[in-house]
Amino acid sequence: MKKAIQLARRGKGRVSPNPLVGAIIVKNGKIIGDGYHKKAGTEHAEIVAIKKAGKKAKDSTMYVNLEPCCHYGKTPPCTETIIGAGIKEVFIGTKDPNPLVSGNGIKKLEKKGIKVNIGTLENEARKLNEFYFTYMKKKRPFIILKIAQTIDGNIADLSGNSKWITNESARKKVHSLRYEVDAILTGIGTVKKDNPQLTARLLKNTKTPLRIVLDSNLRIPHNSEIVKEGTIIATLPKSSMKKKKNLISKGIRIWEIQGKDNRIDLSKVLKRAYEEKIISILVEAGKKVSSSFLKENLIDKIYIFISNKILGKGLHSFGNLGFDHLEDSLIIDNVVFERLKENFLIKGYVYRNY
């Protein structure tokens, strides 16, 4: 199962909205077939592994990190191929949370006399597909908040300049993170101050994630780096129709999102993203947007990059989160530390201490 999970990781950044899946086929103590899901729309891991095993797959054992699918989508159901190959036993990391599968794939295999074992390395299997599980269970994308700050907690100097707080190693790590998600979300303030590209260009790959800009009144300069195909601007319905048409002519997609007090409703943005099968979003924004996501309990995971700089005065990472007492504060759980030369990365999962 460890090997299956390792294989599955190779599909990161390419399989969405599908889950990451790896499969290993073993017979007489030897691996006779393996595979992973390489890209949405291509053959699933189980099919790739069975094809490699060929006729040897009969009476073998399969290890797969996620319950095999049993419905027709862009590809046929994996359960039918497993049954047809004559595999006698299947070890599954975790059930698929997709209502179209959830337990039904297991039942189909068992009905055909295949022995099924569920829960092998289940925690690892679920964590591998945390984007997918959140998308299926919470009906919204998995949200990661990224912060780059000085040791004393500033994301920019008093003039708003943030280039560069962190070092090149940290920036490459950010680009790696961008590659893994479906979309990067920012606010109009960040676009106007920093004119970011929000790409994964440092990895020298061809994939560019979607960009989502929160811009309630369409203040975005039309010469911004981000004004290009692949960018979505979330704006209020009342914003200028002329500006909307102009942006659409440049390849921009417009999401009209309701709000109040001239602010876009973040939960409605995430609902729209869910409807468009965006299963993961990286929030890279200023303290206003970042704090809003935290206040509304919409952050699942946080990455805080800490440089070896001290500013003393500057723009702080977060605004008022509505907490008056230490015991009310947000907790970062399952914390992992990573050294990036003279910089550090702290990452973990966000939950409320009440």
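This is a predicted model: local features need pLDDT of at least 70, side-chain atom pairs count only at pLDDT 80 or more; totals for chains, interfaces and linings use all residues.
Residues are numbered from 1 along each chain as its sequence is written, and side-chain values use heavy atoms, with hydrogens and water left out.

**Figure 1. Helix α7 covers residues 168-180.** Helices (H or I, at least four residues) and strands (E, at least two) are DSSP runs, numbered from the N terminus. The 13 residues of α7 reach 19 Å from first C-alpha to last, close to the 18 Å expected at 1.5 Å a residue; that expected span is 1.5 Å times one less than the number of residues. Look for Ala 170, Val 174, His 175, Leu 177, Arg 178 and Tyr 179, which are buried (under 20% relative accessible area; exposed is over 50%, partly exposed in between, with a 1.4 Å probe and protein chains only). At the start of the helix, a side-chain oxygen of Asn 167 comes within 3.3 Å of the backbone nitrogen of Ser 169.

**Figure 2. Thr 79 sits in helix α3 (residues 78-85).** Thr 79 counts as buried because its relative accessibility is 0%. Its contacts (heavy atoms within 4.5 Å), leaving aside neighbours within four places in sequence, include Pro 68, Cys 69 and Leu 109. Ile 106 is 27 residues away along the chain, yet its C-alpha is 8.4 Å from that of Thr 79.

**Figure 3. Here α3 packs with helix α2 (residues 45-53).** Glu 46, Ile 47 and Ile 50 in α2 meet Cys 78, Thr 81, Ile 82 and Ala 85 in α3. The angle is about 20° and the axes are 9 Å apart.

**Figure 4. Two cis peptide bonds are up next.** Most peptide bonds are trans. Ser 16 and Pro 17 are joined by a cis bond with omega about 10°, and Pro 17 is in the loop between α1 (2-8) and β1 (22-27). The bond from Lys 163 to Trp 164 is also cis, with omega near -15°; Trp 164 is in the loop between β7 (154-156) and α7.

**Figure 5. Leu 218 and Asp 261 have positive phi values.** Most residues other than glycine have a negative phi. Phi is near 55° for Leu 218 and near 55° for Asp 261. Leu 218 is buried, at 3% relative accessible area, whereas Asp 261 counts as exposed, at 71%.

Methods:
A polar contact is a pair of N or O atoms within 3.5 Å; within protein, one must be able to donate a hydrogen and the other to accept it, and residues adjacent in sequence count only if both atoms are side-chain atoms. Axes are lines fitted to C-alpha atoms, for helices over the stretch in contact, and angles run from 0 to 180 degrees between N-to-C directions.
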